Amino acid sequence: MTPQLDNQFYYLDNFHRVLDWIGSRYPDLLTDEERAFLDRFPTLPRPSRALLVRMVMRKGALFRASKLNYAEIGCAVEASRALVATGWVEDDPEITLDELFALLTKAEVAAVFGLPAQLRGARKPEQLEALRADFADARAFSAWCKDLPERALRVAAQALCDRLRLIFFGNFHQDWTEIVLSDLGIYKFEQVEFSAASRAFRCRRDIDYFLALHQCRERFANGEDIGSVLRDVPPPVPDNEWLGGRREKLMFAIAQHYEKLHDWTNAHDAYRNCSYPGARARAVRVLEKAGRYAEAHELLAAAQQAPESDTERQHLARIAPRLASRLGHARVRARRPGVDRIDLKLPMPAEAWWVEGVVRDHLTRDDAPVYYVENTLINALFGLLCWRAIFSAIPGAFFHPFHRAPADLYGADFHARREREFAHCFGQLETGEYRATILANFAGKHGIQSPFLAWDYLSEELLAMALDCIPALHLRRSFERILADVKSNRTGFPDLIRFWPAEKRYQMIEVKGPGDRLQDNQLRWIEYCATHGMPVSVCYLQWE
C-alpha cells in the first residue's frame with residue numbers, strides 16, 4: 001500500500017522548496033524570465049499555484065480541464081485564471097489535428113467530425129489519416145469542438161519549469177517525483193553537509209551549453225538528419241570536464257551511427273576527434289573495416305603502449321591478430337590465466353526456472369550454501385566499507401538533497417579527489433576493523449540510495465558469511481579494481497558464490513547455459529580473479 005501524506009499540498013510545498021533553493025544558491029545565474037517567475041509565483045492564489053505544479057508534473061503540456069480533477073484545487077478552470085493572466089498557461093489554445101486526437105475519445109472524434117459509418121468503426125490512427133488532408137491547419141480547441149462542453153489548457157511555462165528543474169537537479173533524468181517519493185519514505189537519500197557554494201552550474205554559459213547539448217541529443221535520438229545535428233553541437237568546453245564528457249558521449253553515439261551505416265570515413269573522423277572511453281578502439285576497428293590496415297595497425301600499436309583501460313586493452317588484443325594476419329606480421333596470441341571449469345548435465349525442470357537458479361539449487365549443500373549474487377555482493381561490501389568516502393562533501397559532488405551518487409562518480413579523478421578518505425577505508429582491511437564498519441553501515445544506512453547497494457538482494461546473514469569466508473586481501477583486490485574504473489567494473493561479477501563456513505573459504509561461479517558465452521566484462525573479472533589467486537570457476541550447463 002502506498003503511504004499517504006497528511007498535507008494535500010505536499011507537492012506545492014516541495015516546489016516552493018526548490019524555488020527557494022534556486023533563488024538562494026543561483027541568483028547570479030538566472031535570466032530575467034526565471035527571476036520574474038521566482039518572484040511572482042508565490043503571490044498567486046494557492047489553487048492556481050497548485051494547478052500549475054500538477055500540470056508541470058504530468059506528462060505533456062496539453063490538458064482537458066475536466067481531467068485536471070484534484071479535490072484540494074477545486075475547479076481547474078477557475079484556478080487557471082490567474083495562470084492565464086501571467087502567461088504561464090494558455091486557455092483555449094490553438095492545436096493541431098494530432099493534438100486534438102490525443103485529447104478526444106474515439107466516440108468524441110466521431111461526434112465532432114460527424115464520421116460516416118465506415119469510419120466510425122475504424123481505429124483512431126486510421127480515422128486520423130482519413131481526416132488529415134482536410135484539416136491540416138491548427139485552430140482553437142473551441143473551434144474544433146463547438147458542441148463539446150469542455151475547456152482545454154496548455155502549459156506555456158513548461159520550458160521555463162524544465163530549466164528550473166535542470167538548475168536544481170543538474171540533469172534531466174531526475175524529476176519532481178524524486179522529492180515526493182522522498183517525502184513518502186519510498187526513497188531515502190544520504191544527507192550530505194555541502195556548502196552553499198557547491199552548485200551544479202558555475203555560470204549561465206554552463207546552463208545554456210547543457211540545454212544546447214540536450215537539444216542536439218533529442219534531435220539525434222528522434223532521427224533528425226545527422227549533418228544538421230552535428231552543425232549545432234556546441235564546441236568543446238576546455239574548463240568543464242562534466243559538460244565536456246556529455247558532449248563526447250553524444251559524439252561517440254554519432255560515430256556509432258555512422259559506423260552502423262558503413263560510412264567508414266565519417267565514422268573514423270568522428271571517433272578520431274572523440275575522447276569518450278572506447279572511441280580510440282572503435283577508430284581502429286573502423287579503419288580495419290575500411291581496409292586501411294596499415295593505419296589501423298599504427299593506431300593500435302600506439303594505443304597498446306598506453307591503453308586507457310582494461311576494456312580498451314581487451315578490445316585491442318582481439319583486433320591485433322587479425323591486423324597482423326592482414327599485414328603478414330607474426331601473430332602473437334595473448335596468454336590467459338587458467339580458470340577452473342565445471343560441467344553439469346541436468347534434467348530440464350518442469351516448473352518455471354532460470355539457469356543460475358537451477359545451478360545454485362543443484363550445487364548448494366547444508367555445509368556449503370550457494371547464493372545468487374552477481375553484481376550485488378562485492379559492490380555492497382565496497383559501498384558499505386567506503387560509505388563515508390563515497391558520500392564525502394567534495395566540492396561539486398553534491399548540490400541538492402536528492403543525490404543517489406556523487407555527480408563525479410564516473411569521473412577520471414573520482415578516486416584521486418577522495419584519496420585520503422579511501423585510504424582510511426582500505427586501511428581497515430589491514431587492521432580488521434572493516435567487518436564492524438560494514439555491518440554497522442548495513443544496519444544504520446539500510447534503504448538509503450547508493451550506487452553500490454541493491455538492498456533487496458542483501459541480508460545480514462549473507463554479509464556475515466562473506467566476511468567470514470572472503471579474505472581481506474581478496475576484498476581489497478576487488479575494491480581496487482572497482483575504483484580503477486567505476487563505470488566499467490561495477491558489473492561483470494560471477495553469478496554465484498559458494499561458501500564453506502567451517503573452512504572459511506569461498507568460490508565464485510559464473511554460469512553459462514546452452515549456447516551462452518562469456519561477455520567481455522565477465523571475462524575481464526574472471527581473468528583478474530584468476531591472476532590474483534581469487535577462486536573463480538565457469539560452470540557450463542547442458543540439459544539431459
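**Entry 1: Arg490**

I began with the neighbours of Arg490: setting aside residues within four places in sequence, I found Arg490 in contact with Asn375, Asn379, Tyr410, Pro451 and Phe452. I note at the outset that the model is predicted.

I then located Arg490 in the chain; Arg490 sits in the loop that runs between helix H26 (486–489) and strand E8 (496–500).

Which side chain of opposite charge is nearest to Arg490? I found it to be Asp485, 8.8 Å away. I recorded Arg490 as buried yet without a salt bridge. A salt bridge would require a side-chain nitrogen of Lys or Arg within 4 Å of a carboxyl oxygen of Asp or Glu.

I next looked for a backbone partner. The Arg490 side chain reaches the backbone oxygen of Pro451 at 2.4 Å.

**Entry 2: Arg154**

Arg154 belongs to strand E5, which covers residues 152–155.

Why does Arg154 count as buried? Arg154 is classed as buried because its relative accessible area is 18%, and the class takes in values under 20%.

I listed the contacts of Arg154 beyond four places in sequence; among them are Ala61, Leu62, Trp88, Val89 and Pro93.

**Entry 3: Helix H6**

I examined helix H6 (residues 106–113) and noted its buried residues as Glu108, Val109, Ala110 and Phe113.

Against which elements do the buried residues of H6 pack? I found one strand, E1 (62–64), together with helix H5 (97–103), helix H7 (117–120), helix H8 (124–132) and helix H9 (141–144).

I checked what comes after the helix: Gly114 follows H6, and its phi is positive, near 55°.

**Entry 4: The whole chain**

I counted 27 helices and 10 strands. The C-alpha trace spans about 80 × 60 × 60 Å along its principal axes.

Of the 544 residues, 49% are buried. The accessible surface comes to about 27,300 Å², and carbon and sulfur atoms account for 49% of that surface.

I also looked at sequence separation. Taking contacts between residues at least 6 apart in sequence, I noted that 71% join residues at least 24 apart.

Finally, I compared the charges. The chain holds 71 positive and 74 negative charges, and their mean positions lie 3 Å apart.

Note on methods. Residues numbered from 1 in each chain as written. Predicted model: local features only at pLDDT ≥ 70, side-chain atom pairs only at ≥ 80, totals over all residues. Heavy atoms only, no water. Helix = DSSP H or I, 4+ residues; strand = E, 2+ residues; numbered from the N terminus. Buried < 20%, exposed > 50% of the residue type's maximum accessible area, 1.4 Å probe, protein only. Contact = heavy atoms within 4.5 Å. Areas by Shrake-Rupley, 256 points an atom, 1.4 Å probe, with all protein chains shown as cover. Lys, Arg positive; Asp, Glu negative; His and termini not counted. Charge placed at Lys NZ, Arg CZ, Asp CG, Glu CD. Polar contact = N/O pair within 3.5 Å; in protein donor to acceptor, adjacent residues only side chain to side chain.
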